[in-house]
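A short walk through both follows.

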Amino acid sequence: MYVMGGMMSAAFVAVVMPTSTMAAIADWLGVGPLPRSPLTEYLTRSLSAMYGVLGVLHLYLARDVVRYLDLIVVFGWLTVLAGAIQTVIDFAAGMPTVWSCSEGPSTVLAGLAYVWLARRAR
């Protein structure tokens, strides 16, 4: 949970990142060009904030696994669901194959690991 929490918390950087930097990163990743519009600004920054918040939640839960065991199991299953949904979205949106085959499936595996490890901790 610490690894995922750290990676997700790093998304807070994109909340304040200049749009030109986001556009350059999108081009570098092969998912650009990044359209310039109020909706794009809203979605990129609010999604980054959401990932950051979830990252902090991961870090908080990881501090006391025994105390939050039941919540971690629920969080794990929600992570599995989110990863499956993300996989469908990635393919439907036409994201690069490497992206689509790594983002959602790795999220599913992380969620399954949370559930498995939490059940072993009992």
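Which residues make up the largest nonpolar core? The model is a predicted one, in which local features need pLDDT of at least 70 and side-chain atom pairs count only at pLDDT 80 or more, while totals for chains, interfaces and linings use all residues. Residues are numbered from 1 along each chain as its sequence is written, and side-chain values use heavy atoms, with hydrogens and water left out.

The largest nonpolar core has 11 residues: Met4, Met8, Leu61, Tyr68, Leu69, Ile72, Val73, Phe75, Ala110, Tyr114 and Ala118. Such a core is a set of buried Ala, Val, Leu, Ile, Met, Phe, Trp, Tyr and Cys residues joined through side-chain atoms within 4.5 Å; buried means under 20% relative accessible area, with a 1.4 Å probe and protein chains only. At least two residues of this core come from each of α1 (2-9), α5 and α6 (97-121); helices are DSSP runs of H or I with at least four residues, numbered from the N terminus. Helix α5 gives the largest share, 4 residues.

Helix α5 spans residues 69-93 and includes threonine 79. Threonine 79 is buried, at 11% relative accessible area. A polar atom of its side chain lies 2.7 Å from the backbone oxygen of phenylalanine 75. Apart from neighbours within four places in sequence, threonine 79 is in contact (heavy atoms within 4.5 Å) with Thr107, Gly111 and Tyr114.

With neighbours within four places in sequence again left aside, methionine 8 is in contact with Tyr51, Gly52, Leu54, Gly55 and His58.

Note on methods: Buried < 20%, exposed > 50% of the residue type's maximum accessible area, 1.4 Å probe, protein only. Polar contact = N/O pair within 3.5 Å; in protein donor to acceptor, adjacent residues only side chain to side chain.
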